[in-house]
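Please look over the sequence and the model below before reading on.

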Amino acid sequence: MIITRARRLLSRRFVQDTLILQLSKALNTALSAAGVLILWRLMPPEQFGIFALAESLLALWAQLDFTGAGQAMYTRLGVALGGRDAQTALDVMAAYVRIGMTISIGIAVLVIVFGVPTAQFVQGSAQVGRLAGGLAVAWVLEVLYQFVMSAFGAARQMRTISALALVNQVVLTGCVIGALLIAPTPELLVAGRVLYAVITLALALYLYRRIRERAGLPALKAVARRIPSVRLAGYWRFGVANAIDKNAGSLFVQIPTQVAGIIGGAAAAGYLNLALRGIANAGILTAAIFENVEAVIPQAVGRGDFALLRRNLWRVIAVLGVGGISVFGGLVIVAPYLIPPILGAEWTPAVAPLSVLAFYGALAAVGGIFGPLYRAFNRMRSALIAKGIALAVMIPLALAAVSRADDTALMGVPRLNAFIGAVRLADPFAAVDASVIGAWLITLAFAISISLTAAVMFTVLRSQPSIRHTHPEPT
């Protein structure tokens, strides 16, 4: 009986895709960890902090992208493919590629021209601005790459996504290591990122041409021909709502990062950035289910399969909850014993913000499922209100932290001794305290936003009719 149930479970496409994605995530995690360990080992915290500030500066400029083209295309294309509407699928791709690339190229030009004066004003460093300009070039190529990946995801081509993601990580690791072997400087790291973006985009376009017919996707030539003539009026509003939603979520991270840099210096930004990357790498272990759900939900909504969504929602939440607590709880336990011997004693202060961000990682593992839901049901206004409330709480706290900072160690910040045990934060480390403040701000903002959004989406799902889909689910 157990064997029969296991075989029946493994025969389902969702389960197969999830297992394939998880295997790819595990391999990617190993490769990413190897590259990041070498990066942190070769670069001092101060130098890595400069690179982190350049990334953060570019991310702040990227808030000018109010098109939301990539995520909007993922959702709208998935709904069109679920409803077997080929013309709408072509229009969706053409419209959002046109919108997204026009705006991203324009923002990159602004960063290249105004990045240096902006960095001098905010951080007092022209170097940060020049690095942000180089990263902007790579960013434009990565935006186009993400359009291709969104098309694969909307078509539920998880095997292709898994293979391409693995190759992507190999290329990224190779470019980063190669750059650092030449010279462990932020400038060479930016050059490696540009080379990586060129290579992975070429690979993505090649794979699209190979699989697009069996995936039901439009030909690239057809998309290119449709771009000049496609009407954009029907796509702007949904895209802009997605962009505001994405940018608000990004502000949950970028504002605290800048606050940490202002009150604790580049080292504080480096500690917080390392902690965020550690959480992101650990989150890969729970990301396969979420990534598969993100592809399945729009197609299910396109078919009108609301009964299936309600039936499976709690199952997925339970799995993500257990996985998130296990992964991030384990990370908190082992981090104090792994970071000093692997990365060096100078990175020990990063354990403190990492411990705080474990709460954020567990919340995001569960809360990530609500993003595809409110986008597929076009409940963007509710999601934006939730994020607006979170920012309204976080920003005054961030300003208060900046206004109370001085040249000595920040006082009154929880030391987390009981929580992480093996690490004791000494008073002279103002940078440590600043990174902890940033971590708490990030965690608070996400907790508020996820809680409010979940309450709205449970109500929406309960109101949907219990009818089966009009089109069969793809096998």
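How many salt bridges does the structure hold? There are five salt bridges, each being a side-chain nitrogen of Lys or Arg within 4 Å of a carboxyl oxygen of Asp or Glu. This is a predicted model, in which local features need pLDDT of at least 70, side-chain atom pairs count only at pLDDT 80 or more, and totals for chains, interfaces and linings use all residues. Residues are numbered from 1 along each chain as its sequence is written, and side-chain values use heavy atoms, with hydrogens and water left out.

In one of the salt bridges, the side chains of R277 and E55 meet at 2.6 Å, N to O. Because R277 lies in helix 11 and E55 in helix 3, the pair ties together parts that are 222 residues apart in sequence; helices here are DSSP runs (H or I, at least four residues), numbered from the N terminus.

Helix 3 (residues 45-61) and helix 11 (residues 266-283) pack at an angle of about 75°, with their axes 7 Å apart, the axes being lines fitted to C-alpha atoms over the stretch in contact and the angles running from 0 to 180 degrees between N-to-C directions. Helix 3 is therefore roughly perpendicular to helix 11, a term that covers 65 to 115 degrees.

Elsewhere, I112 has its place in helix 5.

Terms used: Helix = DSSP H or I, 4+ residues; strand = E, 2+ residues; numbered from the N terminus. Parallel < 35°, antiparallel > 145°, perpendicular 65-115°, else oblique.
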